[in-house]
Amino acid sequence: MWTHIKHLCTDEHILRFFAWIINSCFATGFWPDCFKTSKTVIIPKPGKPAYNIPKAFHPIVLLNTLGKLFEKAIANRLQWEAARFELLHPSQFGGVRQNSTEDAGSYLTHLVRTGWDKGYKNSIVAFDLAQYFPLLNHSAITLILDHMGFTNIVVNIFADYLVGRYTKIFCENQLSEPFPTAVGVGQGSALSLILSALYLAPVL
């Protein structure tokens, strides 16, 4: 649990051991299988008249806690490198530090008020990319990282990180056998967000 991980991270020797594990993953281009296997917990949404359709349930994906810590560390470094070399579009707000939802609102307000000052009438077109995270192409992600100038070590680790993923469904106190989920990048983790931002950067 996170409580245990936080306690372990107060020890300098354990931190060095954690760093050795991450560096070994990059050196070998291998992301351990235990970090790729998740548990998907199916939670019924409250107040539904019936629970005979998928929309009446909310799935939550739980990853290995230590793997999530490593992903967060890698995501922070990856984002720092992307910001350093200006690989992200200035209008990219999702999954980027200091570019939060509030920042997006401030940016939008600035554009609207600038238009008002010039006598323009502003219109806003908003759309949601349905199933964006599950549909990201793995080969395209690695090609984009390579094109952006990341080293082969970085490209290779993500090529392995994206494949061979499995999940187990937990519903009504029963846990299913693992089945493959080798699509997209998942949703919610820090690393999946920054990978999605880099994936979208050439489009923006």
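Leaving aside residues up to four places away in sequence, Phe158 makes contact with Ile74, Leu78, Leu145, Leu191 and Leu195. The model is a predicted one. Phe158 also turns up in the largest nonpolar core, a set of 33 residues in which Phe158, Leu191 and Leu195 touch the most other members. Helices α2 (12-28), α4 (65-84), α6 (138-147), α7 (152-161) and α8 (190-200) each put at least two residues into this core. As a rule, nonpolar side chains in soluble globular proteins tend to be buried together.

Next comes the second largest pocket, with about 260 Å³ of space. Phe158 is again part of the picture, lining this pocket along with Ile22, Asn23, Phe26, Ala73, Ile74, Arg77, Leu78, Glu81, Phe150 and Val154. At least two lining residues come from each of α2, α4 and α7, and α4 gives the largest share, with five.

Then there are the aromatic rings. One cluster brings together Phe18, Trp31, Phe35, Phe70, Phe158 and Tyr161. The count of aromatic pairs comes to seven. Take Phe35 and Phe70: their ring centres sit 5.7 Å apart with the planes at 80 degrees, so this pair is edge-to-face.

Key:
Residues numbered from 1 in each chain as written. Predicted model: local features only at pLDDT ≥ 70, side-chain atom pairs only at ≥ 80, totals over all residues. Heavy atoms only, no water. Core = buried A, V, L, I, M, F, W, Y, C linked by side-chain atoms within 4.5 Å. Buried < 20%, exposed > 50% of the residue type's maximum accessible area, 1.4 Å probe, protein only. Helix = DSSP H or I, 4+ residues; strand = E, 2+ residues; numbered from the N terminus. Contact = heavy atoms within 4.5 Å. 1 Å grid on protein atoms, 1.4 Å probe; cavity = no way out; pocket = protein on both sides within 12 Å on 5 of 7 lines; lining within 4 Å. Points joined across faces, edges and corners; volume = space filled by probe spheres on them. Phe/Tyr/Trp six-rings, centres within 6.5 Å; stacked < 30°, edge-to-face > 60°.
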